[in-house]
Amino acid sequence: MDQLYEWIRNITYYLIFITVVENLLPNKKYEKYVKFFAGMVLILLVLKPVTGGLRLDDKLAYSFEAISLKKEAGELTGKVSKMEETRLKRMISGYEKAVGTDLETMAQTAGYSCKETSAEINSDQSSDRFGHVVKVSLVLTSGKEEMQAEEAASVGSKMDPVKKVEEIKTLK
């Protein structure tokens, strides 16, 4: 019986409060918005005894928290995947530089002077050749040719043009 009186008291206090708020409004153009909001809250107050036994407020709070958690997890997953992609790009770039350095060292060991090196690594994670060296390129000169080029530059004489190198066909 006390719950019934409390319920009626809450509705009465709420109606008095809304009446005061409506009378204190300086401009009547907001009255329809206040009445709309007040009506929604009044519906909730009137239905509270019916929904109290069903514990709908707990279920609603749980659903809201679950939706919020899923949204945050989705955002976090997106951030992690972007970070992983950036890390992978940096790792492959470092690997390509290391391959270029190794190629330069191998060329110098063979007696060539290396002007430029580049390497391309397969970065497609779905590929079965992920992480393998796909393409390398070198610009080489023999030690003698480089010395002749330096001597020619210092003397000012014209050098013979460089012969075209045939492209090497790769096996796949």
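A salt bridge is a side-chain nitrogen of Lys or Arg within 4 Å of a carboxyl oxygen of Asp or Glu, and accessible areas come from the Shrake-Rupley method with a 1.4 Å probe, with only the protein chains shown counting as cover for residues.

The model is predicted, so that local features need pLDDT of at least 70 and side-chain atom pairs count only at pLDDT 80 or more, while totals for chains, interfaces and linings use all residues. Residues are numbered from 1 along each chain as its sequence is written, and side-chain values use heavy atoms, with hydrogens and water left out.

**Exercise 1. Identify the largest nonpolar core and the elements that supply it.**

A nonpolar core is a set of buried Ala, Val, Leu, Ile, Met, Phe, Trp, Tyr and Cys residues joined through side-chain atoms within 4.5 Å. The largest one has 6 residues, namely L88, I92, V99, L103, A119 and I121. Two or more residues come from each of helix 3 (56-109) and strand 1 (112-121), and helix 3 gives the most, with 4 residues. In soluble globular proteins, nonpolar side chains tend to be buried together.

**Exercise 2. Follow the contacts from I92 to N122 and describe the setting of N122.**

Contact means heavy atoms within 4.5 Å. Not counting residues up to four places away in sequence, I92 touches I121, N122, S123 and F130. N122 sits in the loop between strand 1 and strand 2 (133-142), and it counts as buried because its relative accessibility is 16%. For polar contacts, the pair of N or O atoms must be within 3.5 Å; within protein, one must be able to donate a hydrogen and the other to accept it, and residues adjacent in sequence count only if both atoms are side-chain atoms. The side chain of N122 reaches the backbone nitrogen of D124 at 3.0 Å, and a polar atom of that side chain lies 3.3 Å from the backbone oxygen of R129.

**Exercise 3. List the salt bridges and locate their partners.**

The structure holds 3 salt bridges. In one of them, E31 meets K35 at 3.3 Å, N to O; these residues are separated by about one helical turn, because they are 4 residues apart in helix 2. E84 pairs with R87, with the closest N and O atoms 2.6 Å apart, and both residues lie in helix 3. E85 and K89 meet at 3.5 Å, N to O, and they too lie in helix 3, 4 residues apart. K89 counts as exposed because its relative accessibility is 56%, whereas E85, at 46%, counts as partly exposed.

Notes. Buried means under 20% relative accessible area, exposed over 50%, partly exposed in between (1.4 Å probe, protein chains only).
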